[in-house]
Amino acid sequence: MIRKAAVHIGVPALLVFMACNAYLAVHYLKQTQKTAALTLESSTLQADISNVLKDLTTMETGQRGYLLTENPAYLQPYTEAKGRIGTDLARLRAGLANRPENERIQASQLASSANSKQAEMERSIALRQQGYRHRAFKLVDSNEGMEYMERARGLLSSLSVAEASRYASFDKERNASLGVALSKTVVTNLCLLLLTACLFGLIRFNGRGLEREAAKSRQGLAVRDLRLERLTSALSNQARSNTSAIEANASLLLENYGGFLPRQGHEYAEQIREASAQMERLRQDLVASSDERAA
């Protein structure tokens, strides 16, 4: 009784542990995916910040090279960076849409500084192309462009530091989540393994008990069958003796006193003999059927 109760309790408990294990796996998988998405978003923003800084640096390098040498080859990287910076700034501002307000303000200030720096470079290049070399260098010497560039670098650096801190926080959170998930999964799986082993042992022990009970039941049935067979045999022999005696007496009655019996008495004697013969045939059929079942 106790074994059956333990099995009945153990099976639902095993199912509950399996469900908990599956829930934990799905929960931490979703949490890991969320953290991974945030980490990827932060990495993308870092790349966008680097691209804007690269565009401004490339443009400034091309500007200075052209102003010094008047070689149009320096304007090629300048033109390429000029074509990219608008897209890179728009991508950066879109990525910062869900960030704190101060970072969105810094993104707007960055766009303003980048546009001012680009306008300053356009003026100096235009002056150099028109042959006003002195005026172009004087514009550069005014440090107007340097102020725009330093402001842009400062804003980019501030955004980069904030994003790097956020990335580190995401990475720390991911590692902590993985550690908790691993520890809980190990504990749950150990409990599941232990419960499964105990349940398996109980089922096996219960199975052996059932086998012993079944063997005992078979032995008891065999003893009862043997007793029943002996009783049936005794009754069959007794019935055969009685029917034989009845049939013999009926035959003797007809042989010795048939001529003295009235017609109706003669018929009764014949019926008795026929009935005893039928009872003997029925007994033989029952004994044959019993032997077939025993075989």
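**A helix pair**

In α3, E120, R123, S124, L127 and R128 meet R133, R135, A136, L139 and V140 of α4. Contact here means heavy atoms within 4.5 Å. Helices are DSSP runs of H or I with at least four residues, and strands are runs of E with at least two, numbered from the N terminus.

This is a predicted model: local features need pLDDT of at least 70, side-chain atom pairs count only at pLDDT 80 or more, and totals for chains, interfaces and linings use all residues. Residues are numbered from 1 along each chain as its sequence is written, and side-chain values use heavy atoms, with hydrogens and water left out.

Now the geometry. Two packed helices are described by the angle between their axes and the distance between the axes. Helix α3 covers residues 101–129 and helix α4 covers residues 133–141. Their axes come within 7 Å and cross at roughly 160°. Axes are lines fitted to C-alpha atoms, for helices over the stretch in contact, and angles run from 0 to 180 degrees between N-to-C directions. α3 and α4 are therefore roughly antiparallel to each other, a term for angles over 145 degrees. The crossing of α3 past α4 is left-handed: the near helix is turned anticlockwise from the far one by less than a right angle.

Where does the pair sit? The protein chain has six helices and zero strands. From the N terminus on, its elements run α-α-α-α-α-α. Of its 295 residues, 26% are buried, meaning under 20% relative accessible area (1.4 Å probe, protein chains only).

Definitions and conventions:
Angles under 35 degrees count as roughly parallel, over 145 as roughly antiparallel, 65 to 115 as roughly perpendicular and the rest as oblique. Buried means under 20% relative accessible area, exposed over 50%, partly exposed in between (1.4 Å probe, protein chains only).
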